[in-house]
Amino acid sequence: MTTSSQTKLLGIFGNPLAHTLSPKMHSYFAEKTGKDVTYLAFEVEKEDFKPSVLQAKTMGALGFNITSPYKIDVLDVVDVLDAEAKRMGSVNTIVNREGKWCGYNTDGDGFVDSFERILGSFQKKDVLMLGAGGSARSIAYKLAQKGAGSVTISSRTKEKILPIEDLVKEYTKFYACEEIDTDKQYDIVINLTPLGMHPHEEENPFNKYMDMITDKTLCCDLIYNPKKTRFLQEAEAKGAKIMNGLPMLVMQGIYAFELFCDCKLPEECFNEALALFKDFRI
Ligand code: NAP
């Protein structure tokens, strides 16, 4: 697509961003909808992040995705915060509405809606989540709100559990553990730690507990590079159905683009966007 004086700026802030798939994905969405936007990656240092976001607003940029490590820092420069993003305590999408940065979080919906498309229903299912970081917060909240039977968080840092417990308990049963109870059964196991990704490719965060995985278990990893982490490879060998982080990336991107451009993307965009990334697609 060519740019003109009317072309609006979209982009992503984060660090590092060398391998981000977002520019290719959003350029595809722009082409699909004919929206006059261009999408660029801005890998900025911590001290430059907030000034850059404020400057971009005065330049009339339309919106940005915000990724690691700035999903919490961005709260300081958002003018209007969506109620759910406020509860999750993190923002992954900002949209310029009449000179105000409006903040949203599409990660939770991105995960649960892609899960349903790839692996099926999570209604009433018992979910075990490994890790309690920013993504865990938004995903636990949405799983609970949309019908999971229970949510258990395993985290080495106890303090990170409490805010998640508050979000989840409003909707469903919540449990926390440092060591996993092998007498319990989980329908769904999700890796939300960086274990399995460079430089931890050889690590499986569920290593000691793989006997708990059966051909009925649904296993997910938020990582998509490598496309099958050690955890997913071993789960698949036990007959489990698996999903990596690519479907979530695409779904949260669809919801972000819809907020940026105030439009609805056609249904086929999900599969077409997945197909753009053959190296990461399971
Ligand atoms: P985060 O906020 O940094 O949280 C990471 C979590 O992993 C924390 O609970 C952390 O525990 C735990 N952890 C880190 N190293 C560990 C280790 N060696 N042993 C045990 N636990 C460990 O990160 P995030 O934003 O939630 O992202 C989590 C993962 O999801 C990353 O791999 C990220 O790339 C991926 N992600 C994917 C998508 C997607 O669209 N597919 C979107 C967002 C994130 P401590 O607090 O104790 O350090």
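Reader: How do strand 3 and strand 5 pair, and over how many bridges?

Author: Keeping in mind that this is a predicted model, strand 3 (residues 63-66) and strand 5 (residues 93-97) pair in the antiparallel sense, over three bridges. Within that pairing, Phe64 stands opposite Ile94 of strand 5.

Reader: What order do the strands have in the open sheet with mixed pairing?

Author: That open sheet has six strands in the order 2-1-3-5-6-4. Strand 2 (37-43) and strand 4 (80-81) stand at its edges, and because each has a single partner strand, one side of each is left without a neighbour in the sheet.

Reader: And which strands does helix 2 touch?

Author: Helix 2 (residues 46-58) packs on the sheet and touches strand 1 (8-14), strand 3, strand 5 and strand 6 (100-104), with its direction making about 120° with that of strand 6. Helix 8 (residues 246-261) lies across strand 1, strand 2, strand 3, strand 5 and strand 6, and runs at about 10° to strand 5.

Reader: Okay, what about the sheet with parallel pairing, what order does that have?

Author: It is an open sheet in which six strands follow the order 9-8-7-10-11-12. Its edge strands, each pairing on one side only, are strand 9 (173-177) and strand 12 (241-243). Neighbouring strands of this sheet are turned by 15° against each other on average, if direction is ignored.

Reader: How many bridges join strand 7 to strand 8?

Author: Five bridges join strand 7 (residues 126-130) to strand 8 (residues 150-154), and the two run parallel; Val127 stands opposite Val151 in strand 8. Helix 6 (residues 161-169) lies across strand 8 and strand 9, running at about 165° to strand 9.

Reader: Changing topic: how many residues surround the ligand, and which are the closest?

Author: There are 20 residues around the ligand, and the closest are Ala132, Ser135, Arg156, Thr157 and Lys160. A polar side-chain atom of Arg156 lies 2.8 Å from an oxygen atom of the ligand, while a backbone N or O atom of Ser135 lies 2.9 Å from a ligand oxygen atom. For Gly133, a polar backbone atom is 3.3 Å from an oxygen atom of the ligand.

Reader: Last one: how many disulfides are there?

Author: The count comes to zero disulfides. Cys261 is in no disulfide, and its nearest cysteine sulfur, that of Cys263, is 5.2 Å away, whereas the cut-off for a disulfide is within 2.5 Å.

Reader: Is Cys261 buried or exposed?

Author: Cys261 is buried, with a relative accessible area of 12%, and Cys263 is buried too, at 19%, because buried means under 20%.

Notes
Residues are numbered from 1 along each chain as its sequence is written. This is a predicted model: local features need pLDDT of at least 70, side-chain atom pairs count only at pLDDT 80 or more; totals for chains, interfaces and linings use all residues. Side-chain values use heavy atoms; hydrogens and water are left out. Two strands pair if DSSP finds at least two bridges between them. Helices (H or I, at least four residues) and strands (E, at least two) are DSSP runs, numbered from the N terminus. Axes are lines fitted to C-alpha atoms, for helices over the stretch in contact, and angles run from 0 to 180 degrees between N-to-C directions. Contact means heavy atoms within 4.5 Å. Buried means under 20% relative accessible area, exposed over 50%, partly exposed in between (1.4 Å probe, protein chains only). A residue is near a molecule or strand if one of its heavy atoms lies within 4 Å of it. A polar contact is a pair of N or O atoms within 3.5 Å; within protein, one must be able to donate a hydrogen and the other to accept it, and residues adjacent in sequence count only if both atoms are side-chain atoms.
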